[in-house]
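We will go from stop to stop, with something to select at each one.

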Amino acid sequence: MDKRSSKENQILDCALKLLVETGDSGLTLRKIADCAGMRLSNVQYYFKSRDDVLVAMVSRYFDECTSSLLRLTEASDAQTQRDRIRFLVRSGLAHGVEISDMCRAFREIWAISSRSDVIDRALMNYYDGFADVMATYALGNDADQHSREKLKALLVPYFEGYSVTARSLTLDLEATEQMLTKLVRSVVRANGPTA
């Protein structure tokens, strides 16, 4: 449940919109105020600095991304571990097919994280939590920690890299999905039985 006021959410919506459309350099309090149809002093009432806006925007955005993954996995009817891994792989690869607003937002957040320890920590915490959701969905709560860590170490960087390079690769999405599903299962299986 969002505890922010409608004005705060409006400011954060505009900040994300500007980040996607203009990049980090276009994200100023004045431009956020213009986008939100507010005076600069109104924006500063809620967020004292651009960094305060960035931290709140990134935190909210990451919460939304993780919630989206949770909803996606809860709606899945995959029963076996193989089917859950395949569903997860298919969903993760789907982001690489086109340059989405999500890809644009993450590209800018990564750039900001290289200059901001606060945003870098938020990014690392996001990936840690997001990877835990993936591992729990694919392997279940009773999987050993080593299998969970191997799945996370394989899928998180693969999905991120694929989202940048997929359009230049010649292997089609279906073949990539089958290959990655097989690879994940073989890596995880090395530690114990799978369904």
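Select Gly140 to begin: just after helix 7, this glycine takes a positive phi of about 90 degrees. Helices here are DSSP runs of H or I with at least four residues, while strands are runs of E with at least two, and both are numbered from the N terminus. You are looking at a predicted model, in which local features need pLDDT of at least 70, side-chain atom pairs count only at pLDDT 80 or more, and totals for chains, interfaces and linings use all residues. Residues are numbered from 1 along each chain as its sequence is written, and side-chain values use heavy atoms, with hydrogens and water left out.

**Helix 7**

Now select residues 117–139, which are helix 7. Helix 7 has 23 residues and reaches 32 Å from its first C-alpha to its last, close to the 33 Å expected at 1.5 Å a residue; the expected span is 1.5 Å times one less than the number of residues. Its buried residues include Ile119, Leu123, Phe130 and Met134. Buried means under 20% relative accessible area, exposed over 50%, and partly exposed in between, with a 1.4 Å probe and protein chains only. Show what covers these buried residues, and you will find among the elements helix 8 (145–165) and helix 9 (173–189).

**Tyr126**

Stay in helix 7 and pick Tyr126. Tyr126 counts as buried because its relative accessible area is 6%. Leaving out residues up to four places away in sequence, Tyr126 touches Phe62, Cys65, Thr66 and Phe106, where a contact means heavy atoms within 4.5 Å.

**Helix 4**

Next, select residues 50–75. The 26 residues of helix 4 should span 38 Å at 1.5 Å a residue, and the end C-alpha atoms are 37 Å apart, which agrees. Which helices do its buried residues pack against? They are helix 1 (6–22), helix 2 (29–36), helix 5 (81–94), helix 6 (101–113) and helix 7 (117–139).

**The rings**

Select Tyr61 and Phe106, both buried. The structure holds twelve aromatic pairs, and these two residues form a tilted one, 5.8 Å centre to centre with 55 degrees between the planes. The pair links distant parts of the chain, with Tyr61 in helix 4 and Phe106 in helix 6, 45 residues apart. Rings of Phe, Tyr and Trp (its six-membered ring) pair if their centres lie within 6.5 Å; planes under 30 degrees apart count as stacked, over 60 as edge-to-face and the rest as tilted.

**The cysteines**

Cys65 is buried, with a relative accessible area of 7%. With a disulfide taken as a pair of cysteine sulfur atoms within 2.5 Å, the count comes to zero. Cys35, at 32% relative accessibility, counts as partly exposed.

**The largest pocket**

Finish by selecting Gly92, His95, Met102, Glu160 and Ser163, which lie nearest the centre of the largest pocket among its 26 lining residues. Helix 6 gives the most to this lining, with six residues. A pocket is found on a 1 Å grid over the protein atoms alone, as an open set of points where a 1.4 Å probe fits, with protein on both sides within 12 Å along at least five of seven lines; lining residues have an atom within 4 Å of a point.
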